[in-house]
Amino acid sequence: MNTAILISSLIIIICIVASKISMKVGVPSLLLFLVLGMLFGSDGILKIEFDNYVVAEQICTITLIFIMFYGGFGTNWKVAKPVAKKAFLLSFVGTFITSMVTGVLCYFVLKFELFESFLIASVIGSTDAASVFSILRSKNLNLKDGLASLLELESGSNDPMSYMLTVIFLGLVGKTLNSPLSIVYMVFAQIVFAVLVAALISFMAYNVLRKFKFPVSGLDTIFVLAVALLSYSLSSIVGGNGYLAVYLVGIVLGNTNIKNKVALVNFFDGVTGLMQMVLFFLLGLLSFPSRISNVAPTAIFVALFITFISRPIAVLAILTPFKVSLKKQLLIMWAGLRGAASIVFAIFVIVNGEAISYDIFHIVFFLAIISVSFQGTLLPIIAKKFDLVDSEENVLKTFNDYVDDDDMELIQVNITKNHHWVGREIKDIELPENSIIITIERGDETIIPNGSTVINSGDTIILNAKRTKYYDITLKEININMNHPWKNKELKDLKLPKDNLIVMIKRDGGTIIPRGNTMIKYRDVLLMRNND
């Protein structure tokens, strides 16, 4: 008990101090969890011995699945689409160029074995989504001309290429890949099977979430959790790239019209934040700081290679044809942070590889610390120096969980005994899009509702909704059954009472903004402003 009190107190103190340091100095907060893990580890204050790379790989894989899934699920495709081509070229072609150039430098300058040179270059080939997302959000760093979305898309989607190159060169080092044909097949399988699995699971999950009503609140969240894990596992079993499949499923589900999407995005935002903390803490716990001094020169050289030579070559080669300005390219070059994903791939090499002539884990570990602390801290400063910060926009708009407070308003709805919501659970009510019931005033009691809360006659409901002239406390819900006179008629043919207006149609789990030629169908739910 005393030990638990000591540890918990130490964690609280360190977190408070670390937060203060992060705010004042600008060091990315996730790096502080890495340091926290080091303090708890074998060479740290508490001397917790942990060197089981197999267990660490399993835990890290799970955390990366959620980080990759949320990388897609939380990305607002409408905002990101204009820069998607450049982002994905950087993600796949850029990661390949970066890894190959770094491998050549490691071979000729550091005198590593040929395949071992490209192996470590592949491990550190991708930028770290967790670090990039954390810096953009925590510093509210919105960049001009879609640069924030470009960096989010690139960092969220380039781990699959880095992982694929790692698997290939690990096979070449261990001589399990011994022919060009086997390499070609592996690349084919990794990409094609991952895309097929992602398409299959996305189609299944989308239809379930749109058409199936879960009887218990929260089951849809558990379902999506299972979908993320299944997409990785099934793709890996058939020989595909699990991380690519997870990311693709996340992008599809995050940018389709499914029920409770805002709640799902907020849930995965919280879970992913926790996973990032666990991941960085575990990697710090696994390290031995006493070994870092031995690998520091090598790590510094590799960090210099990738930051000032390899990454710039890749960015220039890809973005120059798009006529992207030099200062924007320089910022993108600098934003190529190496972090937790690279360390996890290094663990993968240790667990699955042959004996390697260098300490790949601690080289990559120290390189990640250099990258996140040095590049991550200076990224906001460089962005401002290049005049690339858009102070009038909020970077959170590039994520799916963004809600503009200026566009929201509180609406009071008085529930009369004849109101069509009486006796119904909240989860069964067709609320207007982007709206949520905040509280229910029932007599002298204030109720914080959930999906199973039943609405009673006499309740006063406080609804938070997107501001629009159509929201009205007399909003009426009309269900179209087989015998309804409006079935199969266009809106312009309806004879509605004066000042009454159909403002929204719920159909098959989706929302339709009606027009004059919109056909009303069986099982539609119409929301009508009723001034009778």
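Student: Before I start, what counts as a contact here?

Tutor: Contact means heavy atoms within 4.5 Å. Keep in mind that this is a predicted model.

Student: Fine. Which residues does Thr98 contact, leaving aside its neighbours within four places in sequence?

Tutor: Thr98 is in contact with Gly125, Ile306, Ser310, Arg311 and Ala314, once those neighbours are set aside.

Student: And where does Thr98 sit?

Tutor: In helix H5, which covers residues 84–108.

Student: Is Thr98 buried or exposed?

Tutor: Buried. Its relative accessible area is 2%, and the cut-off for buried is under 20%.

Student: Arg311 was on that list. Which residue does Arg311 form a salt bridge with?

Tutor: Glu154. The closest N and O atoms of Arg311 and Glu154 are 2.6 Å apart.

Student: Why does that pair tie together separate parts of the sequence?

Tutor: Because Arg311 lies in helix H14 (residues 289–319) and Glu154 lies in helix H8, and the two parts are 157 residues apart in sequence.

Student: Are Arg311 and Glu154 buried or exposed?

Tutor: Arg311 is buried, and Glu154 is buried as well.

Student: How many salt bridges does the structure hold?

Tutor: Four. Two others to look at are Asp387 with Lys144 and Lys328 with Asp145.

Student: Take Asp387 and Lys144. What is the N to O distance?

Tutor: 3.5 Å, between the two side chains. The pair links distant parts of the chain, 243 residues apart. Asp387 is in the loop between helix H17 (360–385) and strand S1 (408–414). Lys144 is in the loop between helix H7 (129–138) and helix H8 (147–157).

Student: Now Lys328 and Asp145. How far apart are the closest N and O atoms?

Tutor: 2.4 Å. Lys328 is in helix H15 (residues 326–334), while Asp145 is in the loop between H7 and H8.

Student: Which accessibility classes do Lys328 and Asp145 fall into?

Tutor: Lys328 counts as buried, at 18% relative accessibility. Asp145 is exposed, with a relative accessible area of 56%.

Student: Switching topic. Where is Thr272?

Tutor: In helix H13, residues 261–286. Thr272 is buried, with a relative accessible area of 2%.

Student: What does the side chain of Thr272 reach?

Tutor: The backbone oxygen of Phe268, at 2.6 Å.

Student: Which residues does Thr272 contact beyond its neighbours within four places in sequence?

Tutor: Phe66, Ile67 and Tyr70. Ile67 is 205 residues from Thr272 along the chain, and their C-alpha atoms are separated by 5.6 Å.

Student: Now the whole chain. What is the secondary structure?

Tutor: 17 helices and eight strands.

Student: How much of the chain counts as buried?

Tutor: 52% of the 532 residues.

Student: And what share of the contacts joins residues at least 24 apart?

Tutor: 78%, taken among contacts between residues at least 6 apart in sequence.

Student: Last one. What does the accessible surface come to?

Tutor: About 24600 Å² for the chain. Carbon and sulfur atoms account for 62% of that surface.

How values were computed: Residues numbered from 1 in each chain as written. Predicted model: local features only at pLDDT ≥ 70, side-chain atom pairs only at ≥ 80, totals over all residues. Heavy atoms only, no water. Helix = DSSP H or I, 4+ residues; strand = E, 2+ residues; numbered from the N terminus. Buried < 20%, exposed > 50% of the residue type's maximum accessible area, 1.4 Å probe, protein only. Areas by Shrake-Rupley, 256 points an atom, 1.4 Å probe, with all protein chains shown as cover. Polar contact = N/O pair within 3.5 Å; in protein donor to acceptor, adjacent residues only side chain to side chain.
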